[in-house]
Amino acid sequence: MRVALEVRPDGIAWSVAPASPAQQFGFVECPPARRAEVLGSLVGELGWSGGLADLVLPMEQYQVFQMERPAGLDDAELADALKWKLRDLLEFSPTDAISDVFPFPADAARGRGELVNVVAARKSLLKELVALVQQSGLKPGRIDIAELALRNLAARLDPDSKGAALVHLRQNYGQMIICRGHTLYLSRRLDVSASGLRDAARQESVVQALALEMQRSLDYYESQMGQVPPAHIHLVAKDRDLPLASMLSSYLAAGVSNLDWAALGLESAVDSRCLPAWSAGLPLVGETGK
């Protein structure tokens, strides 16, 4: 048994891994003070005791920086070698930082040398989350970040490795990623709220602002990373009654549509609140599992 968990300020999103069309997933709304009670109940009710729990961090729980890769170091040495460079960049104390690295695509560096993505998170937060997992009767597994979890889904939308763009809208912000095949090229936070999109008085200006941020991301991908932008953007939002995809399409060079879950073999849409946890359990195309 392996599950993926995203522990958020407003609740816990979960999915049993590996994700599949028949996969279980869900979201339980709860304040931080009730997390242990809620997760313990899930473990008992769903028979997860003794299983592995992979944690997925939402964007507000980590920072990512692009840094020049030091020459002559193995991959295993990079995180420690670059940690000292984070001191002036972090939004929290460097003494509380824990970091890791993942590749930056070589064909997007554009004369900036060999780069690497450095992820930093609060050590105290990760300890708290790991303790929560252990107290619930689960065993700590991997720790992932939202954009790499969503990358697993985007890779399935890009069978020809020409590029896929995915926008995931949460309650108080959105996240846009662009991938080619298994490789994450770009991740951007989008300043948009569900309440703004539902507010008739502000809706038009909110949609325009969101479209502008998405277009700027596509333009950056083309001008600064030297890549051909995807012609289409896949959208995942909680409020599917709002014709947001068509509203955005009128302001963007690329087409926008709600993600076609049937094309992925699902009979119904995944709850957007569970998308990062569900995606974390998706094996990358060509892999048999994690």
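Predicted model: local features only at pLDDT ≥ 70, side-chain atom pairs only at ≥ 80, totals over all residues.
Me: Why is glutamine 61 called buried?
Reply: Its relative accessibility is 11%. Buried means under 20%, so glutamine 61 counts as buried. The residue sits in the loop between β4 (52-57) and β5 (63-68).

Me: What does glutamine 61 contact, leaving aside its neighbours within four places in sequence?
Reply: Glutamine 61 is in contact with Val7, Ala121, Leu125 and Leu129. As for valine 7, its backbone oxygen lies 3.1 Å from a polar atom of the glutamine 61 side chain.

Me: What makes tryptophan 14 and tryptophan 48 an aromatic pair that is edge-to-face?
Reply: Two values decide it. The rings are 5.2 Å apart, centre to centre, and the cut-off for a pair is within 6.5 Å. The planes make 65°, and over 60 degrees counts as edge-to-face. Therefore the two rings form an aromatic pair of the edge-to-face kind.

Me: Where in the chain are tryptophan 14 and tryptophan 48?
Reply: Tryptophan 14 belongs to strand β2 (residues 11-17), while tryptophan 48 is in the loop between α1 (35-46) and β4. They are 34 residues apart, and the pair links distant parts of the chain.

Me: Why do tryptophan 14 and tryptophan 48 count as buried?
Reply: Tryptophan 14 has 8% relative accessibility and tryptophan 48 has 0%. The limit for buried is under 20%, so tryptophan 14 counts as buried, and so does tryptophan 48.

Me: How do you know that tyrosine 185 and tyrosine 221 form a pair that is edge-to-face?
Reply: Their ring centres lie 5.9 Å apart and their planes make 80°. A pair needs centres within 6.5 Å, and edge-to-face needs planes over 60 degrees apart, so the name applies.

Me: What makes β9 and β10 paired strands?
Reply: Pairing requires at least two bridges. Strand β9 (residues 164-169) and strand β10 (residues 174-180) have six bridges, in the antiparallel sense, so they pair. Valine 167 has methionine 176 of β10 as its bridge partner. A hairpin of four residues joins β9 to β10.

Me: How do you know that β9 also pairs with β12?
Reply: Four bridges join β9 to strand β12 (residues 232-236). At least two are needed, so these strands pair as well, and they run parallel. Alanine 165 stands opposite isoleucine 233, and histidine 168 has valine 236 as its bridge partner.

Me: Which strands form the open sheet, and in what order?
Reply: The order is β11-β10-β9-β12-β13, and the pairing is mixed.

Me: Why are β11 and β13 called edge strands?
Reply: β11 (183-190) and β13 (255-258) each pair on one side only.

Me: What covers β9 or touches it?
Reply: Six of the six residues of β9 are buried. On one side these are Ala164, Leu166 and His168, and on the other Ala165, Val167 and Leu169. Helix α4 lies across β9, β10 and β11, at about 55° to β10. Helix α6 (residues 203-223) packs on the sheet and touches β9, β10, β11 and β12.

How values were computed: Residues numbered from 1 in each chain as written. Heavy atoms only, no water. Buried < 20%, exposed > 50% of the residue type's maximum accessible area, 1.4 Å probe, protein only. Helix = DSSP H or I, 4+ residues; strand = E, 2+ residues; numbered from the N terminus. Polar contact = N/O pair within 3.5 Å; in protein donor to acceptor, adjacent residues only side chain to side chain. Contact = heavy atoms within 4.5 Å. Axes fitted to C-alpha atoms, helices over the stretch in contact; angles between N-to-C directions. Phe/Tyr/Trp six-rings, centres within 6.5 Å; stacked < 30°, edge-to-face > 60°.
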